[in-house]
Amino acid sequence: MNSYPGSSSYLLSSSSSDDEYYDDIEMQVVGQITANNNFCIAQHQQNQSSRRGSIPGHIVINRDRENADRNLFNDYFTENPRFTDLMFRRRFRMGRALFLRILDAIQRHDNYFVQRRDRMGKLGLSGLQKVTAVFRMLAYGMPADATDEYIKIGESTTLESLKRFCRAVVEVFGAHYLRSPNAHDVARLLHIGERRGFPGMLGSLDCMHWKWKNCPSTWGGQYAVVVGPRLLFLKRWPTMISRIWHAYFGLPGSNNDINVLEASHLFANLAEGIAPPANYVIKGKEYNMGYYLADGIYPKWSTLVQTIHDPRGPKKKLFAMKQEACRKDVERAFGVLQSRFAIIAGPARLWNKTVLHDIMTSCIIMHNMIIEDERDLNAPIEERVEVPSPEVEMVEDDNARFQEFLARHRKIKDKDAHIELRNALIEHLWDEYGNSQN
């Protein structure tokens, strides 16, 4: 029968070896304590060697951002860059000169994008690195941590750069590139609309969705009815390339195009009587309000011209064909905007709706900047248009001003005027193009 330490048979048979037994136990205990102490010391030393910041347990990665900045500069921004201008245009969605112009304006507006040294004298991330990481997210729709491999920038820094860059673009360029059209713009738009067969046309109107993947649960009841915030998108034709003149974004609730149009300030200047003049003649009758082409969901207002569902007769069929052909430009503009900035083509992964608003608005602004920068390369030279001088009479009496506002508002939503205008356009298009369709 075998005995084990602590049994009665073991104690009886081996009383002479008690001292040796307890010596062995003591050595095992001391050895275990020493091993534990050595492990704790090694773990502490490892943590100390891997931690350089003020947050315990935070591991700072040596990204070698100086070499990454040098490589980025040599790849795209030297006099003889490694990648061609065409590759720069494809990856940044704009020319190098326009990119540097935006970068310079952003750096002067926000010191966050100016390269600085830390207390140890080490250079931080450059403005090129931060803005390039932002463009990777905007142009390709990639997540923030995916920019780390080439640009050597952390995820949190990339997200901070995205938010501050989009806010800066809106603040610096929004007033100019999303302004309301002035008298010269309206006259040019009317001229182009008449050349396309629609006298008085200012552009096309439509809405799009941007799915909000990470919508907070507290706002789920407001935004879950639709796939995301809607963007009222107005496109006009100052050139053959699409420019966006009006955008209204971020309206919650159960929305369709009608709700968004009612909440938008698109016709605010027209109702207040301060819109630039839009005078034109159709079939001998003079009109003083421009209109926009829209699909069938929009209301029958005097400022909107819809197509005809199931047209009967050659005149109405010709009108529907022409109207839908022109209105397709706004759908193409949606495609161009989403292909240029893939971040708004996929689901939005950010949490703050203010940030989403800045992202959408900044993409539209840069879209317009790209069009302005490349217009002379792709668009024909437009004819010079004489701009009539606007005549504005200010009314002193508040009550009279309010009554005039109501009268203009009723005129905008006049259904009879809408039908009359569309019938006049049907006859005008038949006179202009009817023979060629036979």
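1. **Ground rules.** Since the model is predicted, local features need pLDDT of at least 70 and side-chain atom pairs count only at pLDDT 80 or more, while totals for chains, interfaces and linings use all residues. Residues are numbered from 1 along each chain as its sequence is written, and side-chain values use heavy atoms, with hydrogens and water left out.

2. **The chain overall.** You will find 16 helices and seven strands here; helices (H or I, at least four residues) and strands (E, at least two) are DSSP runs numbered from the N terminus. Buried residues make up 42% of the 438 residues in the chain. Buried means under 20% relative accessible area, exposed over 50%, and partly exposed in between, with a 1.4 Å probe and protein chains only. Of the contacts in the chain with a separation of 6 or more, 68% are between residues 24 or more positions apart; contact means heavy atoms within 4.5 Å.

3. **α4 against α6.** Helix α4 (residues 85-92) and helix α6 (residues 127-140) have axes that come within 9 Å and cross at roughly 70°. That makes α4 roughly perpendicular to α6. The α4 side of the contact is Arg 90, Arg 91 and Phe 92, and the α6 side is Thr 132, Phe 135, Arg 136, Ala 139 and Tyr 140. By class, this contact has four nonpolar, one polar and three charged residues. A word on terms: axes are lines fitted to C-alpha atoms, for helices over the stretch in contact, and angles run from 0 to 180 degrees between N-to-C directions. Angles under 35 degrees count as roughly parallel, over 145 as roughly antiparallel, 65 to 115 as roughly perpendicular and the rest as oblique. For the classes, Ala, Val, Leu, Ile, Met, Phe, Trp, Tyr, Cys and Pro count as nonpolar, Asp, Glu, Lys and Arg as charged, and the others, Gly among them, as polar.

4. **α3 against α6.** The axes of α3 and α6 are 10 Å apart, and the helices pack at an angle of about 70°. They are therefore roughly perpendicular to each other. Their crossing is left-handed, meaning that the near helix is turned anticlockwise from the far one by less than a right angle (right-handed if clockwise). From α3, Arg 65, Ala 68, Asp 69, Leu 72, Phe 73 and Tyr 76 meet Leu 128, Gln 129, Thr 132 and Arg 136 of α6. Five nonpolar, two polar and three charged residues make up this contact.

5. **α5 against α6.** Here the axes of helix α5 (residues 96-109) and α6 come within 11 Å and cross at roughly 115°, and the crossing is right-handed. Phe 99, Leu 103 and Gln 107 of α5 meet Gly 127, Leu 128, Val 131, Thr 132 and Phe 135 of α6. The contact has five nonpolar, three polar and no charged residues.

6. **The cores.** Which residues have the most contacts inside the largest nonpolar core? They are Phe 99, Ile 102, Leu 138, Phe 165, Ile 344, Ile 359 and Met 366, in a core of 48 residues. A nonpolar core is a set of buried Ala, Val, Leu, Ile, Met, Phe, Trp, Tyr and Cys residues joined through side-chain atoms within 4.5 Å. A second, separate core of 20 residues includes Val 186, Met 289, Trp 301 and Ile 412.

7. **Ile 359, worth a look.** Ile 359 sits in helix α14 and is buried, at a relative accessible area of 1%. Not counting residues up to four places away in sequence, Ile 359 touches Leu 138, Leu 162, Cys 166, Trp 210, Ile 343, Ile 344 and Leu 350. The C-alpha atoms of Ile 359 and Phe 165 are separated by 9.0 Å, although these residues are 194 residues apart along the chain.

8. **Two positive phi values.** Arg 93, in the loop between α4 and α5, has a positive phi of about 70° although it is not a glycine; at 13% relative accessibility, Arg 93 counts as buried. Lys 152, in the loop between α7 (148-151) and α8, has a positive phi near 60°. Lys 152 is partly exposed, with a relative accessible area of 29%.
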